[in-house]
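Okay, thanks for coming, everyone. I've got one model to walk through today, so let me put it up.

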Amino acid sequence: MKVLLSTVGGSDRPIVTSIKKNEPDYVIFFCSAPTINRPGSCTMIDGEGKVCKDTETGKHRESIVKQTNLTKNEYSIVPVDTDDPYDTYEKALQFIEKFVEEGYEVIVDYTGGTVSMVAGLGAAGIEHPECKLNVVTGMRQDLMRVKDGMERIKRIPVNKAFIRRGLNVWKENFSKSNYTAALQTLDQLQQYGFVDEHEDELNKYYYLTKGFQAWDRFDYRGAAQYFDPYKHDPHISVYNEMVKKLANYEEFIKKWSPDNKKNPPGPGFLLVYDVIYNAMRKGRRGLYDDATARFYRAIEMYAQFSLMTSKERMLSSDIKLDKIPEDYHEYYSKFKDNKGKIKLGLVDTYELLDILGHPISATWKEWKNRILNIIEIRNKSFLAHGFDPVDEHSYKLVEDTALQFIRECDESLGFSQGIDTYKDFPSAIDL
């Protein structure tokens with residue numbers, strides 16, 4: 001079924017042309033109701049007698065319904081406020097949404113009517129790219145009117161406005177690191193099968209957004225696959241190189257054992273920095289519990305990597321007593337699990353580093369109480385062991401403490417490229 005929505009102004013000919021050319025099964029006319037000072041355009045639709053006037057000859061014609069042979073069951077008349085575009089917009093949008101949902105072909109013709117009526121109907125049509133936007137044009141007799149008898153239908157590419165608006169929504173979500181919402185917007189744009197001129201642009205936005213979404217989930221290999229086709233793009237190459245470093249770093253850590261004499265690929269503890277910047281992105285979105293949990297993991301990870309690169313190289317999940325001073329054997333034996341492995345958590349790993357005389361020992365002693373404070377915030381949160389939501393004030397304390405602690409640990413280890421040189425995700429994709 002084909003439905004035509006049309007605004008009606010001072011001339012009947014464009015409307016008649018539109019109906020005859022489009023051959024709709026049903027027409028909805030938006031017209032101005034009569035007032036004391038104006039007759040309104042409603043009478044032109046189905047008024048009795050010759051209610052339409054030829055703008056050239058001054059002769060009168062029958063109503064639009066008579067000229068197009070529409071029956072009572074084939075049209076509706078909707079009076080609107082001629083000076084309020086939102087009135088036409090809201091009324092038209094209700095019809096459009098109904099007909100689109102029911103699978104009808106919807107044509108929006110905004111040729112006639114006041115400027116406000118035209119603006120309202122056109123805006124409603126743009127809301128749904130499924131609609132076909134028409135305007136009746138042709139040879140003009142002056143700056144205002146198309147000459148009677150010279151009308152023709154022109155199809156308006158509604159997708160351009162829809163794509164531009166959609167890309168603005170995508171950019172806003174991307175800038176906020178809300179990659180899921182950004183991708184949903186691009187999916188919506190692509191599902192309408194828009195013209196080929198936009199395909200490469202939308203594909204590039206889509207795959208790069210997918211890449212940052214994967215990276216944001218710590219799926220480094222997955223992210224690299226999306227970035228690799230654009231590795232020669234100067235705006236993307238730095239991220240492509242970094243995510244591959246992270247992927248290699250992760251693989252190295254997974255396979256590492258104390259017998260491996262190589263340190264994790266540097267400079268610095270890249271995976272720790274990535275988790276920290278990930279946490280800050282969550283913090284900027286107000287996801288304070290989530291961000292706090294990630295800061296905890298970053299601090300814990302820093303201790304694990306420090307232990308792996310210490311003189312007595314160990315995994316915090318498999319502590320070897322023969323590498324610990326004998327005075328502490330009994331104490332650390334208490335941490336054995338049912339498989340006989342000694343596993344340490346965050347605080348106990350830092351304490352062990354202190355016992356071993358690790359370079360970050362002095363930093364840990366200085367910051368220990370402040371780290372214990374933010375650990376308590378984390379432990380009381382919903383994502384750990386408690387039921388207290390993390391508010392903004394508590395989160396900022398976690399962020400500030402963690403960042404400064406990691407900075408000073410980097411200095412203790414002599415990292416020339418520590419946390420402050422790590423490159424965060426872009427707030428926009430410059431193409």
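I'll go through a few helices, a surface patch and some backbone angles.

Just so we're clear, this is a predicted model. Let's start with helix 16, residues 392-413.

Now, which residues of helix 16 are buried? The list is Ser394, Tyr395, Val398, Glu399, Thr401, Ala402, Leu403, Phe405, Ile406, Glu408, Cys409 and Asp410. Keep in mind that an α-helix has 3.6 residues a turn, so residues three or four places apart point the same way. As for what covers those buried residues, the cover includes helix 11 (270-284), helix 12 (288-308), helix 14 (346-355) and helix 15 (361-379).

Let me zoom in on that last neighbour. Threonine 363 sits in helix 15, and it's buried, because its relative accessible area is 6%, under the 20% cut-off. Leaving out residues up to four places away in sequence, Thr363 touches Phe405, Glu408, Cys409 and Ser412.

Going back to the loop between helix 15 and helix 16, that's where you'll find phenylalanine 387. Buried or exposed? Phe387 counts as exposed, at 65% relative accessibility. Together with Phe382 and Leu383, Phe387 forms a nonpolar patch on the surface, with about 380 Å² of accessible area between the three.

Next, a quick stop at helix 9, residues 220-227. Its buried residues are Tyr220, Gly222, Ala223, Ala224 and Phe227. Helix 8 (199-216), helix 10 (237-255) and helix 11 are among what covers them.

Last bit: phi angles. Most residues other than glycine have a negative phi. Here are two non-glycines with a positive one. Asparagine 69 has a phi near 60°, and that residue is in the loop between helix 3 (64-68) and strand 5 (75-80). Serine 177 comes in at about 65°, in the loop between helix 6 (158-175) and helix 7 (179-190).

How values were computed
Residues numbered from 1 in each chain as written. Predicted model: local features only at pLDDT ≥ 70, side-chain atom pairs only at ≥ 80, totals over all residues. Heavy atoms only, no water. Helix = DSSP H or I, 4+ residues; strand = E, 2+ residues; numbered from the N terminus. Expected span 1.5 Å × (residues − 1). Buried < 20%, exposed > 50% of the residue type's maximum accessible area, 1.4 Å probe, protein only. Contact = heavy atoms within 4.5 Å. Patch = residues over 30% accessible without salt bridge, like charges linked within 9 Å, V, L, I, M, F, W, Y side chains within 5 Å. Areas by Shrake-Rupley, 256 points an atom, 1.4 Å probe, with all protein chains shown as cover. Salt bridge = Lys/Arg side-chain N within 4 Å of Asp/Glu carboxyl O.
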